[in-house]
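I am opening my notebook here to record what I looked up, one interface at a time.

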Amino acid sequence: MSKMHLKLTVNGEAHELLAEPRELLIHVIRERLNLTGPHIGCETSHCGACTVDMNGRSVKSCTVFAAQANGAEITTIEGIGAPGALHPLQEAFREHHGLQCGFCTPGMITRAYRFLQENPSPSEAEVRMGMAGNLCRCTGYQNIVKAILSAAAEMNTVKEAAE
Amino acid sequence: MIPAAFEYHRPTDLAAALATLGEFGDEARVVAGGHSLIPMMKLRMAEIGHVVDLQDIADLKGIRIDGTAVWIGAMTTQHELIGHQGLAAAAPILRETALQIADPQVRYVGTIGGNVANGDPGNDMPALMQCLDATFTLAGPNGSREVAARDFYEGAYVTLREDDEILTGIRFEATGGGQAYEKQKRKIGDYATAAAAAILKKDGTSCSAASIAMTNLSDMPVWSKAAGDALVGTACAAADIDAAVAAALGDISPNADNRGPVEFKRHVAGIIIRRAIEQAWARA
Amino acid sequence: MNELAPISREQRVENLKGLGCSRKRVEDVRFTQGRGNYVDDLKLPGMLYGDFVRSPYAHARVKSVDKSAALAVPGVVAVLTAEDLAPLNLHWMPTLAGDKQMVLADGKVLFQGQEVAFVVANDRYVAADAAELVVIDYEELPVVVDPFKALEPGAPVLREDLDGQTTGAHGDRRHHNHIFLWEAGDKAATDEVISSAEVVAEEMVYYHRTHPCPLETCGCVASMDAVNGKLTVHGTFQAPHVVRTVASLLSGIEEHKIRVVSPDIGGGFGNKVGVYPGYVCAIVASIVTGKPVKWIEDRMENLTATAFARDYWMKGRIAATKDGRITALSCHVTADHGAFDACADPTKFPAGFFSIMTGSYDIPVAHVGVDGVYTNKAPGGVAYRCSFRVTEAAYFIERMIEVLAIELGMDAAELRRINFIRKEQFPYQSALGWEYDSGDYHTAWDKALTAIDYQGLRREQADRVEAFRRGETRKLLGIGLTHFTEIVGAGPVKNCDILGMGMFDSCEIRIHPTGSAVARLGTISQGQGHATTFAQILASEIGLPADSITVEEGDTDTAPYGLGTYGSRSTPVAGAATAMAGRKIRAKAQMIAAYLLEVHDGDLEWDVDRFVVKGAPERFKTMKDIAYASYNQAIPGVEPGLEAVSYYDPPNMTYPFGAYICVMEVDVDTGVCDVRQFYALDDCGTRINPMVIEGQVHGGLTEALAIAMGQEIAYDEIGNVKTATLMDFFLPTAWETPHYTTDFTETPSPHHPIGAKGVGESPNVGGVPAFSNAVHDAFRAFGLRQSHMPHDHWRVWKIAHDLGLHG
């Protein structure tokens, strides 16, 4: 099958590449762009390990064809915070022990990053519902929820201080 | 899990999309959010030669509310349904239902058109559309036609939509009433063990109109006229609801699956239908 | 080099971030930025991809394999079948349980999803396409998925390769589908007590088949360097050193020419202990092609073909006096091992440590017999977040206690209390041969019951039952009690080995001149946080800050030999090795300090991070001073440098215990169960990092919730797996997961250098009976004795239905 010309903006950087339409977005991100933060867990859109932010929405990139993503603006975990300037979510996950094996963490943080933009002051139940598309096998979620609530408070404090 | 190869089309208008469908016949499938189709393709349970992506067709998007007339473009996502203020006022049951579908990520990409069009008996929107008495617009090579949601479904994955047609939008009259969608599922992301939509109108103390529909309790959505009839003119007392539930159960034919055997599903269906009616009546 | 402004002793202790402190994890800096390094992240030049063709049938003869169409696909390099592996004698491989397993189908297939051919291509998409084109002609054979039917006289012969063999790795085989009978305890004495007992409760307790399902599946990259003859295998290995030894024995490549690397592992839970056909095929393919070959299983392959857990049918009898003193316990297990016996147990324990089944109770006499059986299901039998078969044992005894309480008409908490092993009985010899090292069960139990207001809950429950009977509610309240005792930390080399390798573990420490260090261990973290916690153990032992100690694991070229991480053995065994190696460092440091301070060794005492001259606290040398001196001063009679290695052979297992209580709301009409409250008290001995312990408990409880309430590998009658994706295989999300309250008591292990016992698996072992007992308890007033897990909606509904609660 013929390859198509794809344009993607990933973490602010423009990329052009040739890909078969059927290539899954997660493979494009991981194997062509070498951004191995997002992971493959279930392959049927249940686990959320492959979550990236695409055009302002959290999506499961194992269930998106590269072709569908043509022209999209994508943020992966690698584009959220930087060494020495971590995002409050990254800090909070560490502070509150919100991860163990780390495999779900990039998808988890990437999802929380979008969730907190839509709901900056969530309740615990709202966090649990808002994060229900991401599975974790290690933590039992309690510390993930704690970390997200804490990051939300931190981000709100910073925002208020700036206003 | 790797899908088989296909040709990809991304038309920018409906005419082009229809032309592509016309050209490739049953080798072609339209894709909206793709979260039903793509897993099937990855499992190689669906082999599709031509994927027609509808995302760039502006005419398929949007929500319009004009008095009681509501139109929802087929490419409207569940996330957009949930966040739409006008819709929440006009038909709150849409938001209540959408929130019980899959998970946040899937709701960002899953569309109402995809949910109603593919005929999966597990999908929630078809029963809701029947409950609302919605009408689907199908565009085909010879123009558009309209089909009532209550007539659209013929069996699992079998609908009145022809292979060369595209479901473009949904319209219904938002005439208020108490509304509720109740769903029992094993976990987030699961299809319903049993789910029911109820819309009841109240005139003084009595029920003036009732519409009851159910999800995943047959190989297609079920709108139970008899259940609604059992409530109209009553005060929705316990015995009236018993009668409605019995009528609704008379219209379903659940299948055994990993969620449980038929006997269990029928029992749970009775509970869920009752809860939907009680909730809708409380809101009426 | 002493500090200019002296800081307090307290401050110095704090600076170490040693034992007992909730040190933040060093691993998280990478993981939160997406900079983990998992096996599928690895990309080597020229790398090829392997993909399996798997059997759709549970039992069939393979009449022919036509690979021509697959080979014709551009980019396909090879298609391997058993025929190709046979000349290398790699078409079968030994299992960890003394059986053998087909690498690729040799004449027949024995379970759905079995590996038949291995396609190697230059791209994973091409490999997947070509796998579709391999044409296999099968002849279906009768399928057996029920272990009881498998033992019937006319049952189909599953393992034709064992035809006529009446002896297996673990003794006699009495039927063609029988693997072994393993026994412990005194059968005659047990039967005698039971036959004359005042009260006997008898029950069949089934612990269903499930799967560890870590979020990362199994996989590897095998890379044979044809120039220097060295094979490197990166993979998801919970025991990399054992993999190296097995690879050497199988391939004939000398062990120093094999390097096995476990990179970051995305969860293991026992799934990544075994050796799978994918590893063998990737290695062979790399040897054949001269290129690196990657094999990563997908989720369906993971759930259907690698490493199931449990599947124990446990027929129990428990005897007691009328006033509730337990007098005997007996159990017969029918263990469904699937098509090959690939259980991951120490060699001499084909049923693992199931004989810990007397639990927390002082039971004078007991007997257990376990029959292993072949069926047309996937092989495995791994310890899914538990020590070998300990979770089955804990579930069995905690169910039997409940059943006995019903039989006696007693409160189940009180029944436990009067039968607990008493504090003064430790070390305690169990009737089935274990020496429990330590425990204080009554203290833990009382603390737990008080914390949740047990009496108040029982009153609420009784009121609820009355309200239910009056028709005022359709919800019942269940109080799930569990007091579990684990046996972890395998284990003493005298009786524990895997494929002949003694189950010691190891730590090697190198102190750098400026006072930082690297420690390498034979274990491998899969999320447990070894890089954080082992540095804490060491910090307290050698007085250097944990932040200055790097912990490395998983690379067999650099790490000392060890048996790996599973069965909660890392802290009990490698943690002990770490402490012992640290003590060797300290002993040498003491000699150096004595020389520097011009005193006798015995005139010094250790104080947090330094040696101090007794009676002269102003005269001291810090560990940092000593490290520097060890490299730059000629000290008579002392070799330069500061390094140590310890291989630790534990004298005994450790016996963590805990008291868990689950309060559950049960909807009688829908079968929906909601956990209202969960209290978990763990005693894992000395607590290294309370934050990490709490995290382990939360995670293990959530796995237990999944197992008890819905997670299963289910087969239909012709051997199709019905739960092969995460749509049907239950992994709870944040929404279904309750909030947990954790608590602890601390009873150090008397034989462990720092008193630690291990905790990672306790919450799974204790959690499953707590959830299950809560469901059962909700229906106790209506006559329920026993109902099998998983307690998903329909099964709970069926309990209510069968009890006539639906009117």
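How many salt bridges does the rule find across the interface of domain 2 of chain C and domain 3 of chain C? I found zero there, a salt bridge being a side-chain nitrogen of Lys or Arg within 4 Å of a carboxyl oxygen of Asp or Glu.

I note that this is a predicted model, in which local features need pLDDT of at least 70 and side-chain atom pairs count only at pLDDT 80 or more, while totals for chains, interfaces and linings use all residues. Residues are numbered from 1 along each chain as its sequence is written, chains are lettered from A and ligands numbered from 1 in the order in which they are written, and side-chain values use heavy atoms, with hydrogens and water left out.

Entry on chains A and B. I then turned to this pair, where 34 residues from chain A and 31 residues from chain B take part in the contact, and the two chains bury about 2,700 Å² between them, 61% of it on carbon and sulfur atoms. I counted one salt bridge between chain A and chain B; Lys60(A) forms a salt bridge with Asp103(B), and their closest N and O atoms are 2.5 Å apart.

Note on methods: Contact = heavy atoms within 4.5 Å. Buried area = accessible area lost by both parts, 1.4 Å probe.
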